[in-house]
Every structure is written in C-alpha cells, then in structure tokens.
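Me: I would like to learn how to read a structure like this one. Please take me through it step by step.

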Amino acid sequence: MKAKIAMLAVSAAIAAIGSTTVLAQAKEQFFPVLSYRTGAYAPNGIPFANGYVDYLKLVNARDGGIDGVKITFEECETGYATDKGVECYERLKGKGPTGATLFQPLSTGITFAVTDKSFADKIPIITAGYGRADSVDGTVFGWNFPLGGTYWDAADMLVQHVGKKEGGLDKLKGKKIALVYHDSPYGKEPIALLQERAKMHGYELLLLPVTHPGVEQKATWLQIRQQRPDYVFLWGWGVMNSTSLKEAVATGYPREKMYGVWWSGAEPDVAPVGEAAKGYNALVFLAPAGQGQVHKDMIKYVYDKGQGTGKKEEIGEVLYNRGLVSAMMGVEGVRRAHIKYGKKPLTGEQVRWGLENLAIDKAAIKKLGFDGFMLPVSTSCVNHSGESTASIHTWDGKKWVVGPDHYASDQQILKPMIRASAEKYATEKKITRRDCAKEAG
Amino acid sequence: MSKHWPVLTLGAVLLVGLVLPIATGASPPGFYVEVLLGGLMAGVLYSLVALGFALIFKASGVFNFAQGSMVLFAALAVARLGEQMPLWVAMLLAMVIMVALAWLIERLVLRPLVNQEGVALLMATLGVTYFLDGFGQTLWGSGIYKIDLGIAKEPVMILDQVFQGGILVNKEDFVAALVAAGLVASLVLFFQKTSTGRALRAVADDHQAAQSIGIPLNYIWVIVWSVAGFVALVAGVIWGSQLGVQFSLSQVALKALPVVILGGFTSIAGAIVGGLIIGVGEKMAEVFLGPVMVKVFDLAGGGIENWFAYVLALLFLLVRPEGLFGEKNIDRV
C-alpha cells in the first residue's frame with residue numbers, strides 16, 4: 001500500500017512538473033537566430049548577431065518578454081552559406097510551442113532560397129535592408145518583409161547623391177560609374193536599377209564583379225585604374241570591403257569618390273585600413289553608430305548582469321546597432337499582432353499580420369529607446385518595406401560621421417520595376433496575387 | 001620534338017596571349033607593364049606558399065592540404081600576439097608555435113600513418129586543415145586583424161619619363177615580393193648547401209635508403225614541417241599585412257595548388273616559375289581577356305582571376321602530368 005502511495009505521489013509530482021513545463025512553454029515565443037560567427041564573413045556577422053541576440057535578452061530582462069510572453073531563441077551557424085542557411089531554417093522552423101516566429105537570415109542568398117519555402121511554411125522572413133528588391137510587393141511576396149529599404153532603394157539613393165554632387169542628375173551624362181560588387185545574388189541586386197538610371201541620365205555603368213570571398217581584387221582595381229571612373233559604388237560584404245579599400249589605396253583611387261551600400265559601411269570594413277580609409281563614404285539607414293537610451297538599458301539590464309553576448313565596448317557600433325534594430329522590428333511585429341490575436345505565443349502566420357500593420361512612429365521609437373537611430377516605419381499588406389530613407393556617412397579616420405542630407409528613393413522609378421519583377425515571379429511560380437482589400441475586410 | 005608538341009603548343013598559346021594586348025595596341029604600354037608587374041608580385045607570393053607544399057611533398061610524399069590553413073594560423077598568431085607585444089617578438093613566438101605544431105602533426109598524425117596509402121595521408125592533412133581553421137578561430141578570434149609592417153601603403157609613380165602617365169607601383173607589394181624572393185633564394189641554398197638540406201633531399205629521394213645510412217626519418221619530418229611552418233609564417237605575415245588577417249587567407253593560399261601542379265610537386269624551381277606564370281596569367285586574363293569575353297559572349301564578366309589558374313593547371317595535367325619541372329613518374333612492372 002505504501003508503495004502504491006509513493007508511486008501515486010511520484011506520478012503526481014511528475015504530472016505537476018509536466019504541467020508547469022507546458023504552462024511555461026505556452027508563454028514562450030521562439031525566435032530562430034541564423035547567424036555567422038565563423039568563416040569569411042564572421043567579422044560582419046558577429047556584431048550583427050550580438051546586437052540581435054542582445055535585444056532579445058533585453059526584452060526578457062527589462063520588460064519580462066513581449067507583453068509578458070517570454071522570448072526564447074536558438075542560434076544556428078550558417079557561415080553565410082546558402083545550403084547551411086536552408087539547413088538551419090529547416091531545423092528551427094518547427095521549434096518552440098508555436099514554431100518559428102520569423103526568420104532574419106542576414107543573407108540575400110539564403111533569402112532567395114527560403115522565400116519559396118515560406119509560402120508553405122507560413123513563416124515571415126524579415127530582410128531589413130537586403131533580400132529581394134521586388135519583395136516589397138506584399139501581394140506576391142506574402143511572407144517577405146524587406147523593412148526599411150531594398151538594394152534598389154540604396155542604388156537609387158546613391159545615384160541621387162552623386163547627381164547632387166555633380167550639380168544635378170543631368171550632369172551625370174557622360175560620367176562613368178563603376179559598380180564593384182560581390183558576385184552573388186546580393187551584389188547583383190542593384191544592377192537592374194543602376195542600368196535603368198543609366199538609361200535615364202546617360203552615365204556609363206561599369207560592372208566589376210568580385211568573386212567570393214572578395215580578397216582577390218588586384219585585377220579589378222587595375223581595371224578601375226585603367227577606366228578611371230568618376231565614382232565607384234561598392235557592394236561588398238565581409239572582408240571584400242576592407243580589401244576594396246586597400247586596393248583603392250594601392251592604386252591611388254580617391255576614397256572620397258567611393259560610395260558603399262549600407263552593408264559596406266561599418267567599423268570592420270574600415271578599421272583594417274585605418275587612416276587610409278579616410279574620406280570613404282557609405283549609405284547609412286536604420287541605425288548609425290552611437291549610443292542612446294536602448295544602449296543604456298542594454299548595459300544596465302544585460303551587460304552589468306554578465307549576460308552580454310559580445311564585448312561591452314562594441315555596443316553602439318554600426319552593425320551591432322543594426323542587429324538591435326532588426327530584432328526590435330521583429331519584436332514589434334509580434335507586439336502588434338498581440339492586438340489582434342491576444343497576448344500569447346503566436347504562429348508565424350499571426351505574426352505576419354503584425355508585420356503588415358507595423359506602425360513604428362516617432363513616439364514609439366522614443367519609447368523603445370531608439371530615438372536618433374531610426375526613422376518611422378509603417379507597412380501594409382501591399383507594401384512590405386515601408387518608407388526607405390538613408391543618409392551618407394563618411395569615415396574620418398577614427399569614426400563614422402553622418403552627413404546632413406537625407407535621401408528617399410524615387411518611387412516613380414522603383415514602383416514599375418517592382419511591379420514588373422514581382423509579376424514575373426508570380427507567373428513563374430504560379431502565385432495568385434493576394435487581394436489585400438478583401439483580406440482587410 | 002614530336003612528344004613535346006602539346007607542351008610547346010600550350011606554351012606558345014600562353015606566350016601569344018601574353019604579348020597580344022601590347023602587340024595589337026589594345027593596352028597602353030604603361031598600363032600593360034603595371035598589370036605585368038602586379039602579376040609578378042602576386043606570383044612571388046603564390047610561389048612562397050607553393051614552396052610549403054613542395055617542401056613537404058618532396059620530403060615525405062605527403063600532399064599537405066593544410067598549408068593554406070597553416071598560413072592563416074601563423075598570421076593569426078602574429079596578429080593577435082602583436083597586439084600584446086612588439087611585432088618581432090610576436091613573430092618569434094609564432095615561429096615557436098609553428099614548430100610545436102609541426103612536432104604535434106608529426107607525432108599525432110603522420111607517425112601513426114607511416115606506410116599508409118598516399119590518399120590516407122592526404123585525408124589526414126584535410127583533417128588538419130579543418131582543425132586548424134576552426135581551432136585558429138576559436139583561439140584567436142574571427143575578426144579582421146592587422147599586421148602593420150610599417151611599410152607605406154600609398155603607391156609611387158616610376159618611369160614617368162618612359163611611359164605616359166608613369167607606372168604605378170605599390171611599395172608594400174614591392175617589398176613583399178623582395179622578401180618572398182629572398183626567402184625563396186635562402187630556401188634553395190638551405191636545400192643545396194646545408195647538411196640538413198641534403199638529408200631532406202636524401203629522404204625525399206628514398207626513405208628506406210636514407211634510414212639505412214642513419215638519417216632519422218621522424219626528425220627530418222619535424223624539420224620539414226617546421227620549415228613549411230616558417231614559410232607559412234612569412235606568407236601569412238606578408239599577405240596579412242596586405243589583405244588583413246582573416247579567415248579567407250587560407251583560401252587565397254590554396255591558389256598555390258595550381259602552382260605546384262603546373263610547376264611540379266617535387267620541384268622548388270617549379271614552385272617559383274609556376275607561381276610567376278599563374279600570377280601573371282591570371283592578372284592578364286582578368287584585365288585583358290575578361291572584357292573581350294564580355295563583348296563576344298555577352299557575359300557579366302569578372303571572376304576569371306579565380307578560375308584561370310585552375311584551368312591552366314588542368315591543361316598542364318593533360319599535356320604534362322608531372323608539371324614543368326617535376327620528375328617523371330616511371331613505374332617498373
């Protein structure tokens with residue numbers, strides 16, 4: 001009899017523990033983290049991943065989760081390789097009580113690969129400042145969210161900037177612009193827009209691809225020396241960026257005439273070149289370098305408690321901040337979706353509604369502690385990107401200095417291109433466009 | 001003559017390709033010389049890494065796939081230690097680390113595999129490659145680190161009286177090429193003139209015969225891997241100062257593979273000449289052949305620099321498998 005009672009007590013205890021676990025699981029929102037901390041792109045992948053993961057930790061430590069729902073996360077090393085990225089996606093998509101909340105692969109190649117899968121899996125893919133340019137069109141790319149801008153936006157803004165420097169876009173006629181790009185889906189994305197602009201303004205576009213990982217560029221820069229372009233647009237990532245700058249120094253190409261996309265303008269890109277990179281410019285969007293309220297919170301709630309992912313002194317670097325902002329937009333998507341579905345763990349499909357109804361205005365930015373680090377973002381079912389604006393920042397030999405001009409991409413040029421490209425994708429993949437009006441109703 | 005025609009034909013094609021841009025006036029002479037110099041300087045660096053491959057293959061018959069990773073490991077050691085101490089001390093310490101690594105590889109990897117098939121040894125060095133790549137990053141970090149040799153990075157103009165606009169030469173490239181050339185020369189002397197060098201050559205020629213006259217095989221292997229480690233260190237320091245010390249160095253160093261295929265696995269002279277041919281060939285192809293291919297085949301262009309060396313090595317494998325200076329393999333049955 002005693003044994004029976006003991007068995008019953010043990011069973012009850014196990015059941016109690018089990019039910020507690022279920023309850024705990026029920027209040028968790030799982031964020032998969034696709035990162036690259038090793039390999040050729042680690043110097044850029046690490047600070048971004050640190051910022052991303054730190055923000056998830058901060059929301060738990062400071063706010064007790066998203067509206068009381070605790071965040072759980074798991075990192076998966078992609079090495080910036082598409083095959084490994086897809087493997088990570090497959091491994092993590094079903095984790096957590098409601099599956100993966102969303103993915104942020106930080107790789108255009110991986111984005112291309114998992115976009116097709118997202119239709120079946122119903123999991124949003126946030127690609128803040130990268131990914132497919134045509135995925136702005138939410139009626140075709142129902143699960144992609146290139147929040148804050150695409151490479152077409154970036155290329156458009158760079159052309160506007162050099163046009164302004166020349167005294168007007170019409171003055172670009174007869175000029176030469178060289179695009180030194182990573183020979184990958186990422187690097188190739190801006191070509192269509194630059195070609196379109198070249199037709200409009202009459203500049204000559206030189207395309208100079210650089211093969212992965214981008215450390216062999218001597219011949220590329222010899223061609224630049226021969227062709228003497230008026231401007232060089234740099235579309236690199238990882239070690240390719242610093243190598244380009246080193247080769248520019250070696251061939252005497254003025255750094256002042258070099259303009260990088262927003263992924264070619266962070267500390268790891270210029271630090272190995274140091275003083276010699278002085279004058280180099282790059283687009284900056286969403287999050288420039290520096291610290292604000294969110295960083296103070298980060299130190300107080302995460303780093304001072306020994307929970308920080310990276311080094312304390314690296315808080316506030318460009319890519320760290322971009323990781324923070326990217327994570328924040330995902331978290332805000334979930335918070336927004338709570339309005340419709342309740343404050344509970346949500347599925348990817350439910351989170352999509354939140355991301356399609358993002359309304360991060362100035363007040364929200366200030367409340368979140370990101371004042372000065374981003375501009376308002378609002379999305380819709382049709383427009384999955386929101387407003388895209390950026391500035392130019394310049395390396396002064398020690399730090400990035402943000403210029404006074406703000407640029408917005410010219411939607412008169414971009415919209416038809418996006419529409420046509422998305423249409424082509426829809427036809428190829430036999431996708432029926434979403435009826436956003438009907439869905440809203 | 002008849003049996004040499006494939007090699008001669010290939011040589012002739014390469015020579016025509018080399019002179020075509022200048023002969024047809026497609027390139028201004030000054031720019032042509034710049035490309036040529038750029039190729040030669042890159043080629044000397046390839047030779048340096050290729051020497052590491054050739055040394056080990058010559059002495060032990062092992063194709064050391066880990067040579068590129070050794071370059072990365074050595075460069076990481078110098079860069080990270082250099083943050084804490086003077087650079088020359090960091091280099092000395094890194095050398096000690098490379099010798100220790102050589103000893104460990106001999107002890108833990110090679111010795112247990114004595115008399116195994118060549119492919120088993122190759123696979124073992126593949127394992128060493130992955131270990132060094134991963135362990136190097138774990139130990140030293142995955143960032144981009146600097147090695148500052150104190151050489152000015154700004155280019156200088158020379159021969160502006162001879163060529164219109166002058167010829168742009170990067171001082172750092174020039175010094176790197178000189179150092180590499182000096183090292184290559186001293187290694188040749190080491191092999192030809194010192195007793196250890198002669199012992200290494202004896203082991204290379206015949207392991208058993210060398211052992212029978214009292215040359216200790218294990219000791220020689222440690223020596224040869226240490227020399228390869230030293231070569232990796234010099235290559236890592238030079239490349240690291242130019243490109244920054246980061247993971248991709250190991251991949252660049254693999255460019256020495258086609259160099260040894262072209263030059264011959266067992267030849268030091270082959271490593272030198274092969275490096276120069278590959279260096280010049282890939283730069284010329286990228287700069288002059290690239291635009292032609294874009295026009296003719298409507299391609300996106302670029303990337304020739306990456307595959308040219310391997311295609312050239314493949315062609316050499318077809319017409320002369322032992323490489324330019326390699327020993328012909330004759331199997332008696």
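Reply: Start with burial: 48% of the 333 residues of chain B count as buried. Keep in mind that this is a predicted model.

Me: Which secondary structure elements does chain B have?
Reply: Chain B has 13 helices and two strands.

Me: Why does the radius of gyration of chain B agree with a compact globule?
Reply: A compact globule with 333 residues would have a radius near 20 Å, and chain B has 21 Å, so the two agree. The C-alpha trace of chain B spans about 60 × 60 × 40 Å along its principal axes.

Me: How should I describe two packed helices?
Reply: Two packed helices are described by the angle between their axes and the distance between those axes. In chain B, the axes of α3 (residues 67-82) and α9 (residues 217-243) come within 7 Å and cross at roughly 65 degrees. The crossing of α3(B) and α9(B) is right-handed. Among the residues making the contact are M70(B) and V78(B) of α3(B), with L233(B) and W239(B) of α9(B). By class, the contact of α3(B) with α9(B) has 13 nonpolar, four polar and no charged residues.

Me: How many residues does each chain give to the contact between chain A and chain B?
Reply: Chain A gives 33 residues and chain B gives 32. On the side of chain A that touches chain B, the largest share comes from α9(A), with seven residues. The residues of that side divide into 18 nonpolar, nine polar and six charged.

Technical notes:
Residues numbered from 1 in each chain as written. Chains lettered and ligands numbered in written order. Predicted model: local features only at pLDDT ≥ 70, side-chain atom pairs only at ≥ 80, totals over all residues. Axes fitted to C-alpha atoms, helices over the stretch in contact; angles between N-to-C directions. Helix = DSSP H or I, 4+ residues; strand = E, 2+ residues; numbered from the N terminus. Left-handed = near helix turned anticlockwise from the far one by under 90°. Contact = placed C-beta atoms within 7 Å. Nonpolar A, V, L, I, M, F, W, Y, C, P; charged D, E, K, R; others polar. Rg over C-alpha atoms; globule rule 2.2 N^0.38 Å. Buried ≥ 20, exposed ≤ 12 C-beta atoms within 10 Å, placed from the backbone.
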